[in-house]
Amino acid sequence: MPTADRSPLAAPTPPALPPLAELLDGAHVVRLPLRTRFRGLDDREALLVEGPLGWTEFSPFVEYGPAEAAAWLAATIDFGWAKLPPVGTHRVAVNATLPAVAAERVPEVLSRYRGCRTVKVKVAERGQTLADDVARVAAAREWVGPEGRVRVDANGGWSVREAEEALVGLAPFGLEYAEQPCATVPELAELRRRVAGLGVPVAADESVRKAADPLAVARAGAADLLVIKAQPLGGITAALAIVAAAGLPVVVSSAIDTSVGLSMGAHLAAAVPDLRHDCGLGTAALLGADVTREPLLPVDGAVEVRRVDVDVDLLRRHAVDDERREAWLGRLRASYAVLAG
């Protein structure tokens, strides 16, 4: 397995901060409904602003404080104000994303993902059982067929023992990989040793995007591949530096972004050398509304690598109330202070 460069990761030079007033004055905050409850959410809030290079997004989850949200603001500025790296393709293959729904709802949910050959199945949902996961994965395998790919994502919800039991039960469905089956890097390393004979690779997500050192999981030999997300990692430039230093295959994914944030992810994916896996950038299909008349939805199993034209009428239609808007502007100010400091 390739190993990460053991020298400290040199932080890419961030783009010059635009004036705070420029961000605040141009900010639009929206709340978009989700078609199916996902990660405990029924809707998704996001702040959109238009930079010199086009629309960009700031949408850290509401529980994130200023220090963590600052990376998301760096990504906002990187995409709206900095020069983008060259891309190697104009279309990126994507996976279908299956929330923790009952098995009988699987065909209905997956029908929104036109032409996708890969399904990512959410597992380890609180209040559900391994039997629920097995039934959902079995239904996903049936939908995608024997030639398709099925991957599972536990969001760190299992202990090592639970993860081992679960992967033994799910391995017969031919898993492409298991994403963040356990929460910590030592747990991932231990699990990877235990399931080495199953043929189920281990992928790290939270252990990259929420870690003080995003390369620690690669150095520990705790993952076979990394899940990379543009916003949580500080933008396209910073994420590409992590990809280069880690020396592992990567999957580029989203954080339930609007089509603007998905556009950022698509530009990142298109700039990754040797991208081997379908990416988690088809999640506009989870949204019940969007901020553009031409959302970045999967077509023939892929999304386009393009900027998104935001529709002002949709921004108004889905605008949050004054209290929520002020809360988001406060988050932007606090994150800006972290970057400026």
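Strand 10 (residues 225-229) and strand 11 pair in the parallel sense over four bridges, where two strands count as paired if DSSP finds at least two bridges between them, and V227 has V251 of strand 11 as its bridge partner. Strands here are DSSP runs of E with at least two residues, while helices are runs of H or I with at least four residues, both numbered from the N terminus. The model is a predicted one, in which local features need pLDDT of at least 70 and side-chain atom pairs count only at pLDDT 80 or more, while totals for chains, interfaces and linings use all residues. Residues are numbered from 1 along each chain as its sequence is written, and side-chain values use heavy atoms, with hydrogens and water left out.

The pair belongs to an open sheet of seven strands, in the order 5-6-7-8-9-10-11, with parallel pairing. Strand 5 (96-98) and strand 11 (250-253) stand at the edges with a single partner strand each, so one side of each has no neighbour in the sheet.

A search of the whole structure finds 26 salt bridges, each being a side-chain nitrogen of Lys or Arg within 4 Å of a carboxyl oxygen of Asp or Glu. In one of them, the side chains of E45 and R31 meet at 2.7 Å, N to O; because E45 lies in strand 2 (residues 41-51) and R31 in strand 1 (residues 28-38), the pair ties together parts that are 14 residues apart in sequence. E45 is buried at 9% relative accessibility, whereas R31 is partly exposed at 31% (buried means under 20% relative accessible area, exposed over 50%, partly exposed in between, with a 1.4 Å probe and protein chains only).
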